[in-house]
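Topics follow in order, from domains to backbone angles.

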Amino acid sequence: MSLNPIRPWRNIERRTSRQIMVGKVPVGGDAPISVQTMTNTDTSDVKATLDQVLRAAEVGADIVRVSTPDEASTRALKEICRESPVPIVADIHFHYRRAIEAAEAGAACLRINPGNIGDERRVKEVIRAAKDHGCSIRIGVNAGSLEKHLLEKYGEPCPDAMVESALEHIRILEDNDFRDYKVSVKASDVFLAAAAYQGLAEATDAPIHLGITEAGGMIAGTVKSAIGLGNLLWMGIGDTIRVSLSADPVEEVKVGFEILKSLGLRTRGVQIISCPSCARQGFDVIKTVEILEKRLDHIKTPMSLSIIGCVVNGPGEALMTDIGFTGGGAGAGMVYMAGKQSHKLSNEQMVDEIVRLVEERAARLEAEAQAAEAAAQ
């Protein structure tokens, strides 16, 4: 829940849902909204897959999904799960045996697609394996692979068909006394996905995994995901998210966090507030922000930083950020700390000084947090 008593117009009241565990990560209830991604390596290549998992985890991924299309993949999964710092979800399509093998290999969650996993008997065998090995399950409905009988009933993929597919498989899980599941109803069409998710949120108290599937490349996919996921999150819907991009999985994680940060639902690292630049700028804002994003990428402590090219909006933005720099004239600008003027700084020294200030603040905040935690024990 994101509640702000001073600025109530910023409040987001999250939908009430049950909580499940995906490995060590709680999903649903009052748990933070988790960020997921998916590897795009050949899963049977353990080294390449683990490298991608580790890079995704380093930038904040809470959960990583890997595809397990064949026996070679599920054999490799055992080592991947053992070495991964985050829970691994096994992505299952077409052959239910892969789900059983993935559960045996240590997957924290099995993602099954109702439209292509097979009949109810096969789903029951997957449930038995999940129970035996402590896995959760994600029911992953996709507009592009709905069951034949639903397409015949509704004529095309539509929100009602997607929700009905999800509920049919929820019934199977619950009839087999299995409640450790989450649900998604993804589509590449933003309108279809949003409507389906709203219907799903009303129909079940299960945790919901959000995604706009096959959203596209870096720019188009980011925009579509921000619109679709952002609106659902703003309504309080969603317990875990994945931004689906035709890009490096690391970028999916970064975009996912930025969406959550923009809504005040998660905080991690430095949030840079910067102007688009214009003829008034006292320094090259675009290049400076590009450099700072790279040099501050290692900071995990939540912090806000304003980089504004001139004094029109600079001082006002600095009032709302932890550290700020506002361009002035004659090759220099003003540094702000906690909204107050601190010292003048030349443009040449700006980047190094800002990096130093951010790193010092992060170290101080981390030390204070560790001291508070030690005192509470």
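The protein chain is divided into domain 1 (13–263) and domain 2 (270–376), with bounds that come from an automatic or database domain assignment. The C-alpha centres of domain 1 and domain 2 lie 37 Å apart. This is a predicted model, in which local features need pLDDT of at least 70 and side-chain atom pairs count only at pLDDT 80 or more, while totals for chains, interfaces and linings use all residues. Residues are numbered from 1 along each chain as its sequence is written, and side-chain values use heavy atoms, with hydrogens and water left out.

**Cysteines**

- The structure holds zero disulfides, a disulfide being a pair of cysteine sulfur atoms within 2.5 Å.
- For Cys-81, the closest cysteine sulfur is that of Cys-135, at 8.6 Å, which is too far for a bond.
- Cys-310 is likewise in no disulfide, and the nearest cysteine sulfur, that of Cys-278, is 5.6 Å away.
- Cys-81 is buried, with a relative accessible area of 16%; buried means under 20% relative accessible area, exposed over 50%, and partly exposed in between (1.4 Å probe, protein chains only).
- Cys-310 is also buried, at 12% relative accessibility.

**Annotated binding site**

- Under "binding site", an unreviewed UniProt entry lists Cys-275, Cys-278, Cys-310 and Glu-317; UniProt positions are given in the numbering used here, feature names are shortened, and annotations may be inferred rather than shown by experiment.
- Of these residues, Glu-317 is included in the lining of the second largest pocket. On a 1 Å grid over the protein atoms alone, a pocket is an open set of points with protein on both sides within 12 Å along at least five of seven lines, where a 1.4 Å probe fits, and lining residues have an atom within 4 Å of a point.
- Cys-310 is located in the loop between β12 (303–308) and α11 (314–318), where helices (H or I, at least four residues) and strands (E, at least two) are DSSP runs numbered from the N terminus.
- Not counting residues up to four places away in sequence, Cys-310 touches Arg-280, Thr-326 and Gly-327; contact means heavy atoms within 4.5 Å.
- Glu-317 belongs to helix α11 and is partly exposed, with a relative accessible area of 30%.
- With neighbours within four places in sequence left aside, Glu-317 is in contact with Ile-273, Ser-306 and Ile-308.

**Aromatic pair**

- The count comes to one aromatic pair, by a rule in which rings of Phe, Tyr and Trp (its six-membered ring) pair if their centres lie within 6.5 Å; planes under 30 degrees apart count as stacked, over 60 as edge-to-face and the rest as tilted.
- The ring centres of Phe-283 and Phe-325 are 5.4 Å apart and their planes are at 70 degrees, so the pair is edge-to-face.
- Phe-283 lies in the loop between β11 (270–274) and α10 (285–295), and Phe-325 in strand β13 (residues 323–327), so the pair ties together parts that are 42 residues apart in sequence.
- Phe-283 counts as buried at 7% relative accessibility, and Phe-325 is buried with a relative accessible area of 0%.

**Positive phi angles**

- Most residues other than glycine have a negative phi.
- Ala-330, although not a glycine, has a positive phi of about 55 degrees.
- Ala-330 occurs in the loop between β13 and β14 (332–337) and is exposed, with a relative accessible area of 86%.
- Ala-338 has a positive phi near 55 degrees.
- Ala-338 sits in the loop between β14 and β15 (340–346) and counts as exposed at 63% relative accessibility.
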